[in-house]
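User: Please walk me through this two-chain model in short questions and answers.

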Amino acid sequence: MRRSDLGEFEEVVLLTVAVMVPKAYSVIIAEELERETGQPVSTGAVHAALQRLEQKGYVTSVLGEATAERGGRRKRLFTVTALGGRVLTDVRSVRNRLWERIVPPTMLEWS
Amino acid sequence: MKPPRIPDKLLTWLIAPHLREEVLGDRHERFFRQAERLGETRARRRYWRDALAYVRPAFINRKSSAYPQPTNTDMIRNYFKVAFRNLVKNRVYSFINIFGLASGMAVAMLIGLWVYDELSYDKHNKNYDRIGMLWQFVSFGPEKSPYDVMPIPLAAELRNKYPDFESVSLSVFRKAILTTGDQKFAKTGSYVEPDYTGIFSLNMLAGSRFGSDDVNAVLLAKSVSEAIFGSADPINKLVKVDNKQSAKVVGVYEDFPSNSAFKDVFFLAPWKLFAAIDDGAKRDQNEWDSNSYQVYVQLKPGADFDAVSAKIKDIRMKRDNPPRYKPEFFLHPMSKWHLYRDFKNGVNTGGIIVFVWLFGAIGIIVLLLACINFMNLSTARSEKRAKEVGIRKAIGSVRAQLIYQFFSESLLMALLAFALAFVFVQLTLPFFNQVSEKKMTILWSNPWFWLAGLGFSLFTGLIAGSYPALYLSSFQPVKVLKGTLRANRFATIPRKVLVSFQFTVSVTLMIGTIIVFRQIEHAKNRSVGYNRNGLIEISMNTPELYGHYGTLRDDLRATGAVDEMSESSGSVTVQYGGTTDFTWKGKTPNTSPLIMSNFVTHDYGKTVGWQVKEGRDFSREFSTDSSAIILNEAAVKLMGFKNSGRRTAIGQPIRRNGRDYTVIGVIRDMIKEDPFKPVNPSFFALDYRSVNVINIKLASQLPVNEALAKVEQVFRTYSPAAPFDYKFVDETYAEKFGTEERIGKLAGVFASLAVLISCLGLFGLASFMAEQRTKEIGIRKVLGASVFTIWGLLSKEFVVLLVIAFCLGAPVAYYVLSDWLQNYEYRTELSWWIFAASGLGALVITLLTVSFQSIRVALVNPVKSLRSE
């Protein structure tokens, strides 16, 4: 599996979807990311990333119910597909393997 | 608390419809959440910034349609198939539609070519912007009259004293007889100074131009060189000019194009040769007041025509003995030679440019008529296709497809018409060239021509197709198919307006044509003052013809083919010049009216058949007649002589050029000049030396060709070298009407085409209306209506339109044509019957057109029209 088609921001968004399921939609994801990273994240960026992920088949979406605070508009709810889950696991195991190979003194020097 | 509205609007407009809901929802929810956390002000600011994150293709690109997308060629093929089926099914309408539009386009193309040709006159010259011709205004009476003839010394004056001129050339246009061996050719050409070849950048095909020292040299146009020498090399061959001087051919130049001021210049000979052979030129060499020659100039770059004109204006008046007629010289730039030739009292008043505008306008109008037809018929027919629209929509056509369909259909028709128009133009161009006396061709290689033609076809197609495409495609299929959709009662109004407009134009053009022809007839019927029948003229262009007046006349009369012969200065249909040196008893001092001079022999009056009103003709019985003078009525009127009493004209002393004369007779006015103008005051005096034209009255009892053969034989014995080159006076006289007749013919052709196109449209519309009302007519007949009432019912509508159109068109025609007639001093009246006749004519044509259809429908058995549903 080529992993180059999963950008860093997309990976984070995909992870967040996994975390927030079944109530994952762009506003919530953007806020979650803001909280986690401390940086402002716009819903537009998140939404665009979600569209790309959906095209690649890592997430699917359905239209949810309408709420008053959205002016009576429906929201699009996202869930991670099996393919998306496997990609996440792959990414993670690659990282884990690399982390494990780092010699402990090196890690100390960073802090 | 509400989110800011402007970014919302922007996003609504920007974002693809299928994403709009979720995006706007997201934006609002986020806003409220942020407002809770950060306060409204910051939330608003964030809102603006975050909105920008949506400006990316992922949100803007529209999702492709949910419907299946057949490949475009399939659908277009279907459109064309349906279009062709429609064309074939409604053969008559298709024919009327395409034929009408094609003829309109063809007319517009022809006129376009004509206008193009007129506007391109002389443009081929390299120095177009810097070439000018000398003109002068002279004042014989209260008004300034323009003349394009100059005195010879003016050329040297301009060349030597005015630095604005790059080159200056004298020129004189003559018909000359060129002889080689025993071959004789009468050709027109010019005697010019060497600078001429440079000014007009002569394109030499062989040999070289003549230099300033050459006298006996000549340049030939290619066509003449080929006529004289065939394929042999003409250079250094000798030709004899007017049987007087031999000249060596030094070069051959490319003929001037047909849209050049010099298109009839077939040879160019040095001015010095002219000065050597022409007595007038010898005499006028230093004569400032003898105006007979053209002067062409080329200005230096940057010099301005008006400024130079101002400098040279008073050249003559500053010299000694300024003449009474106060000449004012000025430059006429080449760009105005052809189109702006008319002057009135010292001001340029246009010229042919008026006709360029007029025909341009007619072309556009005829084209407009054709377009109106096309649109009217297309829209009328398309209402029949409402059902088709309904079915197509029910099957799943979206509106855009229907729009494409109708547009492609009308574009197809317009392009077919365009192609057909080419065929028409190609076929009629020879005829059109003949009428307009031009040599035009379709501008196959001119991209602008194609661009204009195709652009116009597209435009017509789009306009004509816009009604069905945009209106019909908006129908709701349910309503159409159920039949509850009714055409609006006002839907026919634009069509009626267009038809009235057509009628207006047709009526105006009809009236215009009639009046143009009446004006020509009016001038033709004017009493000419001499008898043109069997009168021929031969110009005396070889020296052998001079000096044998008596014997020549006797020999000619002895043949029995000639009634009378005389000689005169200039043709009877041309007035060469006049004099202001003319005094009579009772002349107001310090005035110098121009009196036209004519020098004739004793037998002139009998030959041309002038009508002596008072006194007598010249006669050999009176030896005193060498100082006798005959005046025309206009001269008598000018001099204020009366019919009887002490102030009678006969016997009045006249002083001219330092000689005394006595008036012996008064003749009726002879139209030697413009038949649309009053005759100028003229005198006739005997002078056997100033003559250059032989007038011959053929005997009426002999057939013309026999008589001519006999006359030719006599001429052969006197002048074997010159070709027997004669002209019939009635033909030369008819040429005076050339311009008017050309305009009349063209206007006639265009007017009848306009009427024809209108009729085609009317026919189509009438048959369509009749067809639409078949059921109504059936029911009316069942209820007892007669054929006549039904005919009246169907025709009434169009007659009303015609009446409205006539009320609009007649005043327009009146206004335009009374303006046109103002150009002529001798003009016909705009009598009421012309208008009445045109109106009646239009009415008859309309009724004929409409009746054909309405009677056909009225005759149909109601059982047939009501049976089928």
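Predicted model: local features only at pLDDT ≥ 70, side-chain atom pairs only at ≥ 80, totals over all residues.

Analyst: Residues are numbered from 1 along each chain as its sequence is written, chains are lettered from A and ligands numbered from 1 in the order in which they are written, and side-chain values use heavy atoms, leaving out hydrogens and water.

User: How much area do chain A and chain B bury between them?

Analyst: Interface size is often given as the accessible area lost when the parts come together. Here that loss is summed over both parts, with a 1.4 Å probe. Carbon and sulfur atoms hold 44% of it, and the total is about 2000 Å².

User: Which residue of chain A meets B:R46 in a salt bridge?

Analyst: A salt bridge puts a side-chain nitrogen of Lys or Arg within 4 Å of a carboxyl oxygen of Asp or Glu. Chain A and chain B share seven salt bridges. In one of them, at 3.9 Å from N to O, the partner of B:R46 is A:E34.

User: Is B:I6 buried or exposed?

Analyst: B:I6 sits in helix α1 of chain B; helices are DSSP runs (H or I, at least four residues). Buried means under 20% relative accessible area, exposed over 50%, and partly exposed in between (1.4 Å probe, protein chains only). B:I6 has a relative accessible area of 54%, so B:I6 is exposed.

Notes: Helix = DSSP H or I, 4+ residues; strand = E, 2+ residues; numbered from the N terminus. Buried area = accessible area lost by both parts, 1.4 Å probe.
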